[in-house]
Amino acid sequence: MRELLLERSFFPTYSIERCVMRMAVTFGFNQVISHGFGLFLFAALMPLMQANIQIDSWYLAIAGALTQIAYLAGAMLLGVIGPRVDSCRLLLVCGGITTVLLATMAWLSNPFIMLGVLAIMASSAAMSWGGIVELVTRHGRADRTATNLSIVSSGTAWGYGFNGLIILLVVPMLGWRSGWMVAAAVGLLTWIATYRLVKRLRVDRDTQDVDVTFAMGTKELFKTVLRERTAFLSCFTLLLVGMTTITFSTWLNTYLAELELPSALGGYTWGVIGATGMIAGFAAGKISDRYGHAIALLMIFSAFAASVIAFMYDPARFVMVAGFGYGLMYFPIWGIIAGWVSKQYSSKATMQINGIGMVAFGTGGALGNLLAGALQGSTGSLTLTYGVIVAISIGLALLAGYIYVSERKVKKTWVGGAAA
């Protein structure tokens with residue numbers, strides 16, 4: 001009887017809005033594990049790991065490029081097989097794999113084995129986010145999609161905050177290996193919470209209409225991305241975002257060490273990034289749903305460009321300003337882009353297109369890391385690398401302006417035609 005009452009009160013009307021806190025926190029912590037720890041914890045701990053393991057700057061470049069290639073491989077795989085995969089089960093498998101590998105990293109000393117582990121976690125992170133996009137798009141209200149997804153994607157910001165706390169509080173007392181163990185412990189707790197949540201989501205899955213789960217074939221998917229404006233621009237935007245954000249975060253601590261700035265400054269900056277992302281996820285998503293994705297994109301890209309320009313002018317003074325701009329842009333972008341795409345496509349199709357977008361993001365990140373390694377090797381400094389990041393960030397702001405202006409023209413044309 002208890003189970004029957006629970007089912008009648010909770011399903012089939014279950015939505016993210018009815019249990020927003022539980023859904024947002026659970027999916028957000030999946031982002032903490034998959035992205036915050038799986039993708040970025042290594043870059044944060046690397047300067048501290050170098051005391052025990054022979055790791056140089058080129059190793060970081062290779063690790064960054066390899067993880068982004070693995071990320072795009074996972075995203076590509078999801079785009080192809082996503083329609084045939086249960087998103088609830090996918091989320092559990094990815095979370096379990098990442099948790100085990102985080103614990104494994106604490107016991108490794110071979111840099112080449114570490115590369116393999118990092119690559120698997122990166123691939124798992126891409127697939128995890130794809131499953132989250134499909135679940136949120138299916139179960140949430142259409143007019144709050146960007147807000148919901150931006151809140152969930154800000155979980156990566158929580159991971160950045162955790163990374164900063166690990167660097168400042170845990171590692172100085174217990175060593176860098178303890179950082180990986182703490183991450184694995186958080187992963188285990190998150191997996192348990194996710195398991196309990198997806199058991200309920202499976203009940204709701206069978207009540208959805210057929211058109212909600214409509215998916216595209218592989219050939220149709222690539223045609224859509226190449227030929228349809230929204231799909232193409234969303235993927236191209238993520239390509240540029242990958243080139244800037246992944247390169248910025250991968251090399252930040254190394255660049256600060258090159259400038260002989262205190263290592264604690266990097267920890268504080270990561271904390272600022274995380275704190276900003278937590279707030280920006282909700283605020284930017286809300287702006288996107290209320291005023292349009294173009295306005296939201298223009299605001300966050302302009303802020304990021306201004307912050308990295310200030311950082312280049314005076315790294316010591318404005319590094320935390322750059323962290324603020326980074327957090328304001330990177331974490332909401334996923335929810336804004338996915339919400340934009342979901343206005344024209346079904347939940348499964350949105351997941352597929354978003355998968356190609358993650359491929360573009362990973363490609364941009366890999367290219368950025370390889371370029372950073374080449375520039376650092378040839379010039380002996382990362383200054384030029386961050387100059388390139390400034391140039392691309394300005395390009396992102398101009399792209400957002402183009403999207404805003406062009407869509408206003410399309411809207412005016414449509415309204416005029418309807419009036420006629």
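Q: First up, is T276 buried or exposed?
A: T276 counts as buried, because its relative accessibility is 8% (buried means under 20% relative accessible area, exposed over 50%, partly exposed in between, with a 1.4 Å probe and protein chains only). Keep in mind that this is a predicted model: local features need pLDDT of at least 70, side-chain atom pairs count only at pLDDT 80 or more, and totals for chains, interfaces and linings use all residues. Residues are numbered from 1 along each chain as its sequence is written, and side-chain values use heavy atoms, with hydrogens and water left out.

Q: Which helix is T276 in?
A: T276 sits in helix α12, residues 263–291 (helices are DSSP runs of H or I, at least four residues, numbered from the N terminus).

Q: And what does T276 touch?
A: Leaving aside residues up to four places away in sequence, T276 touches F324, G327 and L328 (contact means heavy atoms within 4.5 Å). Its side chain also reaches the backbone oxygen of V272 at 2.8 Å.

Q: How far apart are the C-alpha atoms of T276 and W158?
A: They are separated by 9.4 Å, with the two residues 118 apart along the chain.

Q: Switching to the core: which residues touch the most other members of the largest nonpolar one?
A: F42, W180, L297 and F301 do, out of 114 residues (a nonpolar core is a set of buried Ala, Val, Leu, Ile, Met, Phe, Trp, Tyr and Cys residues joined through side-chain atoms within 4.5 Å). Helix α6, residues 111–139, supplies the largest share of this core, 15 residues.

Q: What does F42 touch?
A: Not counting residues up to four places away in sequence, its contacts include M49, I55, Y59, L118 and W180.

Q: How many residues are in the second, separate core?
A: That one has 10 residues, among them L221, A231, V341 and I356.

Q: Last one: where is L165, and is it buried or partly exposed?
A: L165 is in helix α8, and it counts as partly exposed because its relative accessibility is 43%.

Conventions:
Helices (H or I, at least four residues) and strands (E, at least two) are DSSP runs, numbered from the N terminus. A polar contact is a pair of N or O atoms within 3.5 Å; within protein, one must be able to donate a hydrogen and the other to accept it, and residues adjacent in sequence count only if both atoms are side-chain atoms.
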